[in-house]
Amino acid sequence: MADEKQPAPIDFYTFVLSLGSSAFVHLGDAPHPETGEIAQANLLLAKQTIDILSMLAEKTKGNLTDEEARFLENLLTDLRLRYVGKSSGR
């Protein structure tokens, strides 16, 4: 057991990035972490994850550092643009 690595502590960036990574996988823009394969886009799951991030942004408004807020907003902007592109067939 002494050889087992301890996972890094979860901070705001790690949490948000993990949700963002899931959205990228659901959009078909990133490989699945277990298989390494790009799966077919699942826009329903992508939208759900984007909505969760959006809700997180709304609920944490005023409680984030400027850097955290920018990080979350930039991630949401990127994901929303990709979602619109995929859902419109681009």
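This is a predicted model: local features need pLDDT of at least 70, side-chain atom pairs count only at pLDDT 80 or more; totals for chains, interfaces and linings use all residues.
**Entry 1: conventions**

I worked with residue numbers that start from 1 along each chain as its sequence is written.

**Entry 2: overall layout**

I looked up the secondary structure and found three helices and zero strands in the protein. I took helices (H or I, at least four residues) and strands (E, at least two) as DSSP runs, numbered from the N terminus. From the N terminus on, the order is α-α-α. I then noted the extent of the C-alpha trace along its principal axes, about 50 × 40 × 15 Å.

I next looked up burial, with buried meaning under 20% relative accessible area, exposed over 50% and partly exposed in between (1.4 Å probe, protein chains only). Of the 90 residues in the protein, 26% are buried. For contacts I used heavy atoms within 4.5 Å. Among contacts between residues at least 6 apart in sequence, 59% join residues at least 24 apart.

**Entry 3: helix H1**

I listed the buried residues of H1 as Phe12, Val16, Leu19, Gly20, Ala23, Phe24 and Val25. An α-helix has 3.6 residues a turn, so residues three or four places apart point the same way. The cover over the buried residues of H1 includes helix H2 (43-59) and helix H3 (66-87). After H1 comes Gly28, for which I noted a positive phi, near 80°.

**Entry 4: the loop residue Ile38**

I located Ile38 in the loop between H1 and H2. Is Ile38 buried or exposed? At 53% relative accessibility, Ile38 counts as exposed. Setting aside residues up to four places away in sequence, I found that Ile38 touches Gly28, Asp29, Ala30 and Pro31.

**Entry 5: Thr49 in helix H2**

I placed Thr49 in helix H2. Thr49 has a relative accessible area of 8% and is therefore buried. Apart from residues up to four places away in sequence, Thr49 touches Leu19, Ser22, Ala23 and His26. I also looked up the polar side chain: one of its polar atoms lies 3.0 Å from the backbone oxygen of Leu45.

**Entry 6: helix H3**

I repeated the length check for H3: its 22 residues should span 32 Å, and the end C-alpha atoms are 31 Å apart, which agrees. In H3, I recorded Glu68, Leu72, Leu75, Leu76, Leu79 and Gly85 as buried. H1 and H2 are among the elements that cover these buried residues. Just after H3, Gly89 takes a positive phi of about 85°.

Glu73 lies in H3 and is partly exposed, with a relative accessible area of 38%. The C-alpha atoms of Glu73 and Ser18, 55 residues apart along the chain, are separated by 15 Å. Asp78 also lies in H3 and, at 29% relative accessibility, counts as partly exposed. For Asp78 and Lys5, 73 residues apart along the chain, I noted a C-alpha separation of 33 Å.

**Entry 7: the largest pocket**

I searched for pockets on a 1 Å grid over the protein atoms alone, a pocket being an open set of points where a 1.4 Å probe fits, with protein on both sides within 12 Å along at least five of seven lines, and lining residues having an atom within 4 Å of a point. The largest pocket holds about 180 Å³ of space. Of its 15 lining residues, Ala57, Glu58, Lys61, Ala69 and Glu73 are the closest to its centre. H2 and H3 are the elements that give two or more residues to this lining. Which element gives the largest share of the lining? H3 does, with six residues.

Terms used. Side-chain values use heavy atoms; hydrogens and water are left out. Grid points are joined across faces, edges and corners, and a volume is the space filled by probe spheres set on the points. A polar contact is a pair of N or O atoms within 3.5 Å; within protein, one must be able to donate a hydrogen and the other to accept it, and residues adjacent in sequence count only if both atoms are side-chain atoms. The expected span of a helix is 1.5 Å times one less than its number of residues.
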